[in-house]
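Please keep the sequence and the model open while reading.

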Amino acid sequence: MEKNSLLRQLPKVDEVLRRPPVAALELPQTVVTDLVRGRIEELRQRILEGSLTSLPTVEELCDGVCADAAAAAKPSLRPVINATGVTLHTNLGRACLSEKAVAAAAAAARRYSTLEYDLEKGERGSRYSHVEKLLCRITGAQAAMAVNNNAAAVLLILSAVGKGGEVITSRGELVEIGGSFRIPEIMEQCGCSLREVGATNKTHLRDYENAIGEGTRALLKVHTSNYRILGFSESVPLQDLVALGRKHGLPVIEDLGSGCFFDLERIGIHGEPTVMDSVRAGVDIISFSGDKLLGGPQAGIILGSEEWIARLKTHPLTRAMRVDKMTLAALEATLQSYLDPEKAREEIPTLRMLSIDPARLKLRAELLRERLEKEGVLCEVVPEQDQVGGGSVPTQLLPTWAVAVTPRNLTVDGLEERLRTRSATPIIGRIAHERYLLDVRTLWEEDFALIAASVAEADR
Ligand SMILES: *Cc1c(COP(=O)(O)O)cnc(C)c1O
């Protein structure tokens, strides 16, 4: 009885739609109608379940609809403040583009472009031409192209080179890279069979050589980006593998993963090979990501001999993996910076973040601490260590400085959650030793005032 009377008292959709706050919403009528229906339907369900014994006022219902409308209007893909210190945070979008790359991508997006148009000839051109010369100049490769990402590049290369035959790979390099990208499964997709050689920790040149047979199509080397086999381990030097390939007329393919142009040794990061090392070693086909250590947009870059790249450009899969104009524009601008390595280090955020001197990071942390203290936040500057991220340099941590916040009113977890879910620009930090850490390596100083205000507001 009670339920029936409550159900009868539920407001009509039209009645709610006419209320000023709802009528004033700047969303399409159909969307607003759906939101109102949703709210009323929710009340109806709760009455039927018996969990609602008195109705909210129509004003309260309208407030709910307005809150839903505000949530619906917010984009799902939003900028966040990365206070984790992980430079290449895959979940937060990996590399941040340089200002030049951003401007180039915006210009390509806004107007028409020479994407596939040759201005000199006045006829159709190639979309790959925009980055090929630059890639060759920077790396010394003969030819180059770019596809959607490195996973696509590996898929394309193995399909074009290995299909119907065998590809020989070391057991120590059968990697899985986040999600479901596993070398053995990719091989299967490409129609080639994997011939594993060696042991997990050691593979010798003779292991490759003994496996070469009639059906062999290529030798594959995979950079073990996100893990290292330490201790009693050995892999075949690239030069030796290339020499073996030459001897048997087999191409050597290398999936470099991160793909770094900048000699990271110069900034104290050890053991990450450069793309140029692989080109010099004579590897026939090399692929790597655009948005890892390179610091550009998501892309899969392929370098190789003219013959191989020509074959890849015309492979049927290539059309399904092609890069769009915004990516090409951003990639070209990023590559331009690399013509001068010092300029690359200043202009490309990834390199800038990785190469900041710890003393400067400390000053930056002091600056953030001052801002926070001005807002009444209890905090101190502490030394910390960072991962590079993006499956790069897994065994080395970089020394850094962070501001450790001790909340006054919330738990540390509570503060972390509020900053993540309630800040106008979400802040993603990390928790260590019962304190909330804001790691300054991945922050922009221009955001410090906003960060300080958000932390103070969250803990009020
Ligand atoms: C990251 C990575 C990939 C995948 O690259 P995406 O650009 O993310 O598609 C492939 N191989 C290796 C070794 C990697 O490290």
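## Terms and basis

Two strands are said to pair if DSSP finds at least two bridges between them, and the elements themselves are DSSP runs numbered from the N terminus, with helices (H or I) of at least four residues and strands (E) of at least two. This is a predicted model, in which local features need pLDDT of at least 70 and side-chain atom pairs count only at pLDDT 80 or more, while totals for chains, interfaces and linings use all residues. Residues are numbered from 1 along each chain as its sequence is written, and side-chain values use heavy atoms, with hydrogens and water left out.

## The chain as a whole

The protein chain has 20 helices and 17 strands, and its C-alpha trace spans about 90 × 50 × 50 Å along the principal axes. Of its 460 residues, 48% are buried, where buried means under 20% relative accessible area, exposed over 50%, and partly exposed in between (1.4 Å probe, protein chains only). Among contacts (heavy atoms within 4.5 Å) with a separation of 6 or more, 75% join residues 24 or more positions apart.

## The four-stranded sheet

An open sheet of 4 strands runs in the order β13-β14-β17-β16 with antiparallel pairing. Its edge strands are β13 (379–386) and β16, each of which pairs on one side only. Neighbouring strands of this sheet are turned by 45° against each other on average, direction ignored; axes here are lines fitted to C-alpha atoms, for helices over the stretch in contact, and angles run from 0 to 180 degrees between N-to-C directions. The antiparallel strands β13 and β14 are joined by 8 bridges, and D386 has L398 in β14 as its bridge partner.

Helix α19 packs on this sheet, touching β14, β16 and β17, and its direction makes about 40° with that of β17. Within α19 (residues 412–421), V412, G414, L415, E416 and L419 are buried, and the buried residues of this helix pack against elements including β15 (427–428) and α20 (448–458). In α20, the buried residues are F448, I451, A452, S454, V455, A456 and A458; they pack against β1 (81–82), α18 (358–374), β14, α19, β15 and β17.

## The seven-stranded sheet

A second open sheet has 7 strands in the order β4-β12-β11-β10-β9-β5-β8, with mixed pairing. Because β4 (143–147) and β8 (193–197) stand at the edges with a single partner strand each, one side of each is left without a neighbour in the sheet. On average, neighbouring strands are turned by 25° against each other, direction ignored. Strands β5 and β9 (residues 216–222) pair in the parallel sense over 4 bridges, with E166 opposite T216 in β9.

Helix α7 (residues 129–139) packs on the sheet by touching β4 and β12 (300–304), its direction making about 120° with that of β4. Helix α8 (residues 150–162) also packs on the sheet, touching β4, β5, β9, β10 (252–257), β11 (285–289) and β12, and its direction makes about 160° with that of β11.

T169 is found in strand β5 (residues 166–170) and counts as buried because its relative accessibility is 0%. Leaving aside neighbours within four places in sequence, T169 is in contact with L174, M187, L194, R195, E196, V197, L220 and V222.

T334 is found in helix α15 (residues 325–338), and its relative accessibility of 1% is why T334 counts as buried. Leaving aside neighbours within four places in sequence, T334 is in contact with A101, L294, G295, G296, P297 and I348.
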